[in-house]
Structure formats: C-alpha cells, structure tokens
Amino acid sequence: MESSERKKRIFSGIQPSGELTLGSYMGALKSWVNMQEEYDCVYCIVDMHAITVRQNPAELRRRAMAQLAQYIACGLDPEKSILFIQSHVPQHAELAWVLGCYTQFGELSRMTQFKQKSQQHADNITAGLFTYPVLMAADILLYQADAVPVGADQKQHVELCRDIAGRFNGIYGDVFTLPEPFIPRMGARIMSLGNPENKMSKSDPEGCVFLMDSPEDIRRKFKRAVTDSETSVRFDPAGKPGVSNLLTIYCAASGRTVEAAEAEFAGQGYGVFKPAVADAVIALTEPIRAEASRLMKDRTYLEGIYRSGAERAEQLARRTLRKVYKKVGFIER
Ligand code: TYM
C-alpha cells in the first residue's frame with residue numbers, strides 16, 4: 001500500500017563548472033521545474049563532479065552559490081524540492097567507492113564523454129575523470145530515484161547507472177531502484193549557435209547563451225548565429241542544422257510547436273527570424289536573471305536553503321548507504 005502511494009522520486013544535477021546555459025535549461029532544468037508538482041524531487045549542484053577538471057577555487061564557490069540562486073529563479077521551489085550541494089552530503093563519495101568496485105574498467109572506457117573530455121584535457125586525464133560516471137551513479141542511487149531528467153548527452157551515464165544497480169541487486173537482492181533517463185522531446189540537444197554540428201557548451205562562449213547574459217549579448221549571439229544559404233525557416237536537422245536549432249530554441253522558449261513556428265515565419269527571411277528567436281529567449285531569461293541577481297544579494301537566505309537541503313538529502317542518503325554497507329559485509333559502528 002505504502003509503496004504504491006509513494007510519489008515517484010526524481011534526481012538530477014548540474015555541474016557548477018561554468019555559468020548555467022540555455023542548453024542546460026532546455027535539456028534539464030525546464031523538466032525539473034515541471035516535475036515538481038507530481039514528483040518528489042531532489043536537485044543537486046554537483047561540485048564534486050566539477051573538480052574532475054581543474055577549477056579556480058574562488059570561482060567554483062561563487063558559481064555554486066550563483067547556480068543555487070539561478071535554480072530558484074528558474075522556478076525550483078525549495079519548499080517542494082530538495083536543493084543541495086553535493087559536497088555537503090558525504091554519502092555521495094562513500095557510495096561511489098563501493099559502486100566503483102562493481103563497475104568494470106571496460107564499461108568506463110566506453111563512455112563517450114570520457115573519450116571526448118580526455119581529448120580536450122589530454123595533459124590532465126585523471127582517475128576522477130575516468131570514474132566520474134560512478135559518482136554520478138552514486139548520486140542517483142542514493143536517493144532511489146525512479147527517473148533522471150537530463151539532456152541527451154547524459155543518457156549513456158544513466159544507462160550505466162542502471163547496469164551497475166542491476167548488477168548489485170543481482171548479487172544482494174533489491175537494494176536500488178532502477179532509474180530511467182527522462183529526456184525531453186524538444187530541447188534535448190541544443191546546438192552551438194556558431195557551429196550547429198556541436199553541442200551548445202560553456203567552453204564555447206560565443207556559440208553559447210548563458211541564462212545570465214544581458215539582452216544585448218543575447219541579440220548579438222543570435223544575430224551571428226550560423227544558418228545556411230537558403231531563406232526558408234524549415235525544420236530539417238540534417239539539411240539545415242543551424243535553422244533547425246534556432247527553431248528548437250524558439251519553440252522551447254515560447255511554447256510553440258514546430259509547425260506553428262514554421263507557419264509564423266513562412267515567406268520571411270532569417271533577418272526577421274533570428275531577432276524573433278532572440279526576443280523569445282530574452283523573454284524567458286530576463287525574469288530569471290532579475291530574480292537570480294536579487295537572490296544573490298541575500299546570502300543568508302541562500303545559505304539557509306542549502307543547509308536545510310543538505311540535511312534532508314543526507315537523511316535519505318544515509319538510509320541507502322547503511323543498507324549497502326550491510327549488504328557488502330561491513331561491520332556497523
Ligand atoms: P552537465 O553539468 O554537463 O549538464 C547539465 C544538464 O544539462 C544538459 N545539457 C544540455 N541539454 C541540451 N542541450 C545542451 N546543449 C546541453 N548541455 C547540457 C545535460 O544533459 C545535463 O542534464 N554528469 C552530469 C551532471 C550530473 C548528473 C548527476 C546528472 C552529475 N550527477 C546525476 C543527473 C544525475 C553533467 O555533466 O551534466
């Protein structure tokens with residue numbers, strides 16, 4: 001009875017390795033906000049993941065706080081959802097160690113993100129970068145999450161998490177809930193404005209829109225966005241990757257369907273379309289930017305949120321870790 005009445009649990013996180021991007025908003029945060037009504041949600045600022053590549057400590061601290069302010073400004077409600085910082089809950093690292101002993105070297109070697117990042121950071125390929133998906137599995141499994149709202153690029157990591165959980169359950173019985181990735185139909189993979197063959201990412205600031213960008217910056221970035229030599233606004237990701245990406249952004253920002261957007265811009269060129277996309281994005285980001293800036297000035301409030309978030313998260317995390325320690329044969333202190 002109790003289990004069928006339990007709301008489904010959601011877990012997800014974003015690295016404070018840069019400012020929040022429009023890609024992360026459309027791929028993940030937007031779903032996080034929508035899921036709060038129906039589910040029991042736990043949302044994390046994954047600072048421990050961020051140090052898999054070298055960070056400036058003062059900047060990392062500032063960005064983690066700013067990210068919390070932006071989470072709330074986007075509509076995450078600390079009364080409804082648990083908002084916390086990963087390094088405040090030690091069970092993440094503890095479970096990651098155990099799970100690492102149930103993960104194959106070969107599985108981690110096959111992770112696309114590891115292959116990409118180890119190319120980008122060829123001079124500093126750390127063990128942390130390699131075992132990163134194990135920490136991510138620990139994040140998810142500690143909270144017995146049923147679903148994990150992420151962009152398409154994280155699907156492989158959630159699937160690995162499922163494999164690890166299934167393997168562990170196969171040995172010890174039902175310890176972990178098997179999580180499903182939840183990937184939005186629209187916005188799961190926002191591409192760079194400057195190079196629509198690549199994912200929009202914070203490492204390419206001109207091709208990337210940040211939630212805290214000013215309207216002028218946003219207008220400039222969309223004005224320069226790469227399109228094609230035709231003039232028609234048509235959704236065709238293979239043939240017209242730039243325009244299709246702009247259409248996706250327009251639809252995700254304004255709530256319109258692709259058909260409605262195509263009809264709206266029929267017979268009009270990119271000179272009309274691009275500024276309209278910029279305006280739709282500004283209409284979305286300006287209220288977020290204003291509210292996040294206001295919250296950033298109230299440090300005491302933000303500290304209160306992350307402290308109580310960590311307490312609530314730790315209660316749940318402790319329960320899972322205790323079970324795991326018992327199963328693998330550790331003596332309870
Ligand atoms: P991260 O921090 O790179 O990205 C955060 C979220 O944003 C999504 N995303 C995008 N979606 C669409 N288009 C884009 N251009 C785009 N760029 C980013 C990502 O898919 C992600 O959902 N490993 C994770 C963080 C993490 C996590 C977790 C996620 C750590 N532990 C547990 C879920 C559950 C990451 O690096 O995401």
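1. Helices here are DSSP runs of H or I with at least four residues, and strands are runs of E with at least two, both numbered from the N terminus. Gly 207 sits in the loop that links strand 5 (180-182) to helix 10 (215-223). In total, the protein has 14 helices and five strands.

2. A word on the basis: this is a predicted model, where local features need pLDDT of at least 70 and side-chain atom pairs count only at pLDDT 80 or more, while totals for chains, interfaces and linings use all residues. Residues are numbered from 1 along each chain as its sequence is written, and side-chain values use heavy atoms, with hydrogens and water left out.

3. Is Gly 207 buried or exposed? Gly 207 is buried, with a relative accessible area of 0%; buried means under 20%, exposed over 50% and partly exposed in between, using a 1.4 Å probe and protein chains only. Buried residues account for 50% of the 333 residues.

4. Now to helix 14 (residues 299-328), where you will find Lys 326. Lys 326 is exposed, as its relative accessible area is 64%.

5. For overall dimensions, the C-alpha atoms fill a box of roughly 70 × 45 × 45 Å along the principal axes.
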